[in-house]
Amino acid sequence: MALEDLVILLVEDDPVFRSIVAAFLTNRGATVIEADDGQQGLERFSQHDFDIVLADLSMPILGGLDMLKQMIKRKPDTLSIVISGNQVMADVVEALRVGASDYLVKPVNDLCLIENAIRQCVGGSSQQDVQLEDLDELSYQELEEHLNLLEQNAEAAKSVQQQLFPPSVIDYPKAKIDYSLFKHDEVSAYFIDSVNVGERYLIMYMAHFHPQDNRCAFASVLLKSFVNQKLKQFRNDNTETVIEPFNMLSYLNERMSKSGLDIYVDIVYAVVELTHYRASIAQAGKGLRCYIRNEEGLMPLAMPDALQLGILEWGQPSTQFRNLMPGESLCVASSNIEHRDMLLNDEFVGLSYSPEVAPGGYVQMSF
């Protein structure tokens, strides 16, 4: 059976919905242990070993987000999927930040979506589930519900996106990330993120969404969610896609194309192997450039133009490999020369509403 041998912690305060989901997952082969609030969920979590946690975010006594934070603090590799209503979208974003692998939106009209999300999260598949492989992690209906919310409320879109952005300086054990992104509108068309993958790899990416409207906020959520998905699978020894820029952009293009957003993405995705400081970079679109920075300035990497993500007949990203020398940094910047000058002047301010500076920016990985 599709979920055989999985032990799932289901934390949900709605007894009817909890009963329906538990029965469905049990029939699909899983062992399901239930809890009706976050506090009880923590107690169950300490008593058993679970393959995955499925949790509502809005619960009495202890909410799903606070519960999840405590679980991840106790066991950093905890796999989790959160279930949310539109009114707590900000909590969904925070759940993704702290390590949730995926999320679903109530009402969940097709329980197969839950099964598919669980299978994607744990990295399992089988021949009998080929049709489920074609389902998106997020259904079109869920996308439409969130798009309607964000399109109608610019402040909500701004709040959702801002929670995803990191501080202007991120210190990792073997590297540092600095960035500046400038915007004229409430929602930024640009997004950056980075993550340390164990002790061996550091990932950095910068994206530019087209067209610029409130959908960019949701595209930021999707992009981070998809990267998180492959990161979790890597940590469970299921795939190395997240540290393979060519394959990662191919995966992201498939997901963005099927998302229903009708949004296109310029992106540079870079992975540095931290033992020998070997960088592998993939690029889609032509609105962003990757540079090596040293004492002589910025040296652009020779990468041919490639189609943006989100195009159904997309070909493949352009790629580059480079060994970084002592004192060299890896940078990504938008095409405006003003941004490159500011990068060389080390003007790192994080996300900034600055009408006097052209939209866009830059990010730097230094060692």
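Reply: Happy to; we can go through the aromatic pairs, the cores and the salt bridges. Keep in mind that this is a predicted model.

Me: Where do F165 and F191 sit in the chain?

Reply: F165 is in the loop between α8 (154–162) and β6 (169–171), while F191 belongs to strand β8 (residues 190–197). They are 26 residues apart, and the pair links distant parts of the chain.

Me: Is F191 buried or exposed? And what about F165?

Reply: F191 counts as buried, because its relative accessibility is 0%. F165 counts as buried too, at 7%.

Me: Which other ring does F191 pair with?

Reply: F191 also pairs with Y205, and that pair is tilted: 6.4 Å centre to centre, with 50° between the planes. Y205 lies in strand β9 (residues 201–210) and F191 in strand β8, so the pair ties together parts 14 residues apart in sequence. Both F191 and Y205 are buried. Ring pairs link F165, F191, Y205 and Y269 into a cluster.

Me: Switching topic: which residues have the most contacts inside the largest nonpolar core?

Reply: They are F209, L249, L252, I267, I281 and L330, in a core of 79 residues. Helix α9 (residues 215–235) gives the most to this core, with eleven residues. The core draws at least three residues from each of domain 1 (7–123) and domain 2 (156–366).

Me: What is L330 in contact with, leaving aside its neighbours within four places in sequence?

Reply: Its contacts include M204, A270, V272, I281, Y291 and V363. There is also a second, separate core of 25 residues, and A2, V32, I81 and C121 are among its members.

Me: I clicked on V108. Where is that?

Reply: V108 is in the loop between β5 (102–105) and α5 (112–122). It counts as buried because its relative accessibility is 10%. Setting aside neighbours within four places in sequence, V108 is in contact with F17 and I114. V108 and F17 are 91 residues apart along the chain, and their C-alpha atoms are separated by 9.5 Å.

Me: Now the charged ones. How many salt bridges does a search of the whole structure find?

Reply: It finds nine salt bridges. One of them joins K75 and D49, whose closest N and O atoms are 3.4 Å apart. K75 is in the loop between α3 (64–74) and β4 (80–84), and D49 is in the loop between α2 (38–47) and β3 (52–56).

Me: How open are those two?

Reply: K75 counts as partly exposed at 35% relative accessibility, whereas D49 is exposed, with a relative accessible area of 64%. K75 also lies over the face of F45, at 5.1 Å from the ring centre.

Me: Which side chain does E273 meet in a salt bridge?

Reply: E273 meets R200, at 3.8 Å from N to O. E273 lies in strand β10 (residues 264–273) and R200 in the loop between β8 and β9, so this pair ties together parts 73 residues apart in sequence. E273 is buried, with a relative accessible area of 11%, and R200 counts as partly exposed at 46%.

Terms used:
Residues numbered from 1 in each chain as written. Predicted model: local features only at pLDDT ≥ 70, side-chain atom pairs only at ≥ 80, totals over all residues. Heavy atoms only, no water. Helix = DSSP H or I, 4+ residues; strand = E, 2+ residues; numbered from the N terminus. Buried < 20%, exposed > 50% of the residue type's maximum accessible area, 1.4 Å probe, protein only. Phe/Tyr/Trp six-rings, centres within 6.5 Å; stacked < 30°, edge-to-face > 60°. Lys NZ or Arg CZ within 6 Å of the ring centre and 35° of its normal. Core = buried A, V, L, I, M, F, W, Y, C linked by side-chain atoms within 4.5 Å. Domains from an automatic or database assignment. Contact = heavy atoms within 4.5 Å. Salt bridge = Lys/Arg side-chain N within 4 Å of Asp/Glu carboxyl O.
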